[in-house]
Number of protein chains: 2
Amino acid sequence: MKQLENLIESIIDRVNINLRETGFDVGPYIRKTIPLNQLVKFYAIYGITSQHPLHLHFSRSNLDGSYFLGKCTVDNSVLHKSDIRGDELKAKGDLFHFQGSKIPLREDEIIRVKDAYLIKTLVHCYSHDPESLEEFLIQNTVSMHYANIHGSPMEGCFLGPFSTVDLTTIHDCIIGAFAYLQVGELSHERVEPGKIWIKAGDLFDFSYCFPGEILDKYITLEPGQSPRGIFMDFVEARKTDFQEVFDVVPLKVPIAVPRNASLNRYALVKGESHIGENVLVVQRAYLENARLGKGANAQENCYIIDSRLEGNNVMAHGAKIINARLEKNVFVGFNSFLQGKQNNPLTIGKLSIIMPHTIIDLDEPLNIPAEHLVWGYIRNAKDLAEHSISIKELSQVEGEFTLGAMNFQGKGSRLVQAFQHRIEHILEANGAFFDGGQNKGHAQMEKDISFTIIHPYSKGPRKGLYPTIDIRP
Amino acid sequence: MKQLENLIESIIDRVNINLRETGFDVGPYIRKTIPLNQLVKFYAIYGITSQHPLHLHFSRSNLDGSYFLGKCTVDNSVLHKSDIRGDELKAKGDLFHFQGSKIPLREDEIIRVKDAYLIKTLVHCYSHDPESLEEFLIQNTVSMHYANIHGSPMEGCFLGPFSTVDLTTIHDCIIGAFAYLQVGELSHERVEPGKIWIKAGDLFDFSYCFPGEILDKYITLEPGQSPRGIFMDFVEARKTDFQEVFDVVPLKVPIAVPRNASLNRYALVKGESHIGENVLVVQRAYLENARLGKGANAQENCYIIDSRLEGNNVMAHGAKIINARLEKNVFVGFNSFLQGKQNNPLTIGKLSIIMPHTIIDLDEPLNIPAEHLVWGYIRNAKDLAEHSISIKELSQVEGEFTLGAMNFQGKGSRLVQAFQHRIEHILEANGAFFDGGQNKGHAQMEKDISFTIIHPYSKGPRKGLYPTIDIRP
């Protein structure tokens, strides 16, 4: 496995060079996190469909347990149980809308991963950067467990576990654990763990930071060690179930799936679960006693346990809900962790927006009213009061506004519009609005996916590396 | 599936153009033989190892149920449950020996299949043609069920079921069912069904032809129909077992396999079977109550049922033995069908050579003595006398020699040497002589093979076609 070891060291060197002004060394974070012999244990998968653009190219890489769809190239990289979803890429000739101008794409969009080490990371492309058309580059970058890279060119960065870089181009940055970033562009910055930061030019700027001692309980990262905390314990406890999904070729889907809904063969379904019309459940989603009403969706790494979604709900990448009931059109953002208890259930009223990276971990039953925006750390009704605002009230904010540890500047109405617009887009793209003829989305189209399982060399100096693979239509 | 239909029609056109002087139309032989919906039912497989050269390239093709190893390109073709084994290809710089001269290869050898429709065909490369180095081309060709193409460039040909073209370059030829050809080069010829023809320049010429009414019972081909006869019934009766091998991901090998032996994951093992040291059992081999002694091997499409191989036995591609005992170093050639009965067993003495395409179908027990060459159609001791000769006697033949329907011209010793030399090479390549350190062969090296399963598009106009796939080290 000498070649694989050399590959990992060369990635470390390249990332460290990018981060040299900070003196940060990514080596201790990854050298022993995934033992080399783990990297040859799991196969990788790619899907082809008649709907999505297709170009996959892998060279000099380990792809251990990763999943690919759409258009993506991976060179000189280690992708451990990561998901690269290129199913929303634009095609050649499509128009990129930006501040009133329309730029036609010269080529199909493609995701390019180079000299990167991504651990259990979700890469979902959605173009946002007018300076970087056609290509989503992820280069000289290390990302830790359950990071989300969403539509973001990225060079020379380190992403902590459970962090999300959303619609933000970043260069030479260190993103702390569980930080969420949606600021358009950032370079040579260190974002502290648990920082939630959403900024749209001069329109608005929302920020919040989890208290360090609270965050540490949920997720901590120290050099030379794997990430620790409640988040890791939660996913580790359910890991064995997932391995079975990947071990076995199932002969039939575990539950009934309506014609216009889609349950990915690499999703896990346990207990009394139910899938309604227009529902989309993607790979690595986990359902246990979960009822998903019409138009709800469950994205990668999301867990829905002993919970009910009443319809048109978005469970974004990495969102987790336990003992919860979501009324219609509730949105749960990236990597949110919403844990009711059997005697302390959580209810969220219709059209409420749970912001990305929200932690709700209940000591008592809690009802979140309809049409509220919710963020931060909440254990009870008192916390909720300091970490939520009605959408109506927020829409009227202009200028500075502070609530608890949250700071807002700008026009509240624009933040609300941005979220609502995006939620609408997600539901539409996922097929929530399909009426039997019009408005097809992923839920209707992913049924014709066919998977190929690929393996690395199992012996010799190339052990652990995959052969060079190039797939086109 | 329109594109797949068009592809098949374009192959038919191209083959027919090559065969136009004969007025032969390949269309009726393949149009309905494999229904289109069958061609999307089975996955294809390729293996990668640290030992073999690797370059696989597939484009605009259906690969339904086929198996690939080594270096091979497939364009505009339909390969239905065929095996393309490029594991004995020479590498760049290797020397090609020909009549005293040594030609260094400019590139690695590669098998190229273009505009061809191969049904359950075995392609095993072993370079023999000094005019066609580096490439084994199979173009504008249709081959029917269980044909063997062994090391043979081939253009514009039709191969009947169970025919074998061995170390022979053919151009614009029609090869009848169960014909065996090893004549170096042939063009614009029609070879009748059941003809066995081995010719080496002026050195020797061996020929035999099965009586038509006998052959028809075993294998018949008529336009518009699938091949019929005892051979087809035999393999069809065992088809379901094989589908299970391909359906399921087995968690462990079904029987004990010594460290220095190899049992392919796509071989089928039933009953009380035993695998000795240095044994090689490849994909699509079928063992049922089979004992394989040290250094024996079972090639593709070979069936060993209620039989015992005492060691260093070669079961060439498609060879079948039932209720038989093979003493040491017995060789059974391509597609031979040796059927003893429980009360009429077959024994073959050591070092005997069963020529390719021999049919032994017993009415009484039969002992074939040691060191004999055997051919043709044999039901009993009387038939044996007319279809065999001791190797010692044959070695003394010079000039013309006739026995029953067999004609021989030339030096018997050279035919014997050619066979013995080749058997030695096969045993060596397969690892029969491995001593723990030296003489590694396939039996020792194929253990590190890792398989990838690939699927065609499952919907849309490309349904049944595979995406363009390119695999390199």
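**Reading a helix and a domain contact**

Student: Which residues of α1(B) are buried?

Tutor: In this predicted model, the buried residues of α1(B) are B:Leu4, B:Leu7, B:Ile8, B:Ile11, B:Ile12, B:Arg14, B:Val15 and B:Asn18. A residue is buried if 20 or more other C-beta atoms, placed from the backbone, lie within 10 Å of its own, exposed if 12 or fewer, and partly exposed in between. Helices (H or I, at least four residues) and strands (E, at least two) are DSSP runs, numbered from the N terminus. Residues are numbered from 1 along each chain as written, and chains are lettered from A in the order written. Local features need pLDDT of at least 70, side-chain atom pairs 80 or more, while totals for chains, interfaces and linings use all residues.

Student: What covers the buried residues of α1(B)?

Tutor: Contact requires C-beta atoms, placed from the backbone, within 7 Å. The cover includes α2 (27-30), β9 (110-119) and β11 (135-143) of chain B.

Student: How many residues of domain 1 of chain A are in contact with domain 2 of chain A?

Tutor: In chain A, 29 residues of domain 1 are in contact with 27 residues of domain 2. On the touching side of domain 1 of chain A, β22(A) gives the largest share, three residues.

Conventions
Two residues are in contact if their C-beta atoms, placed from the backbone, lie within 7 Å.
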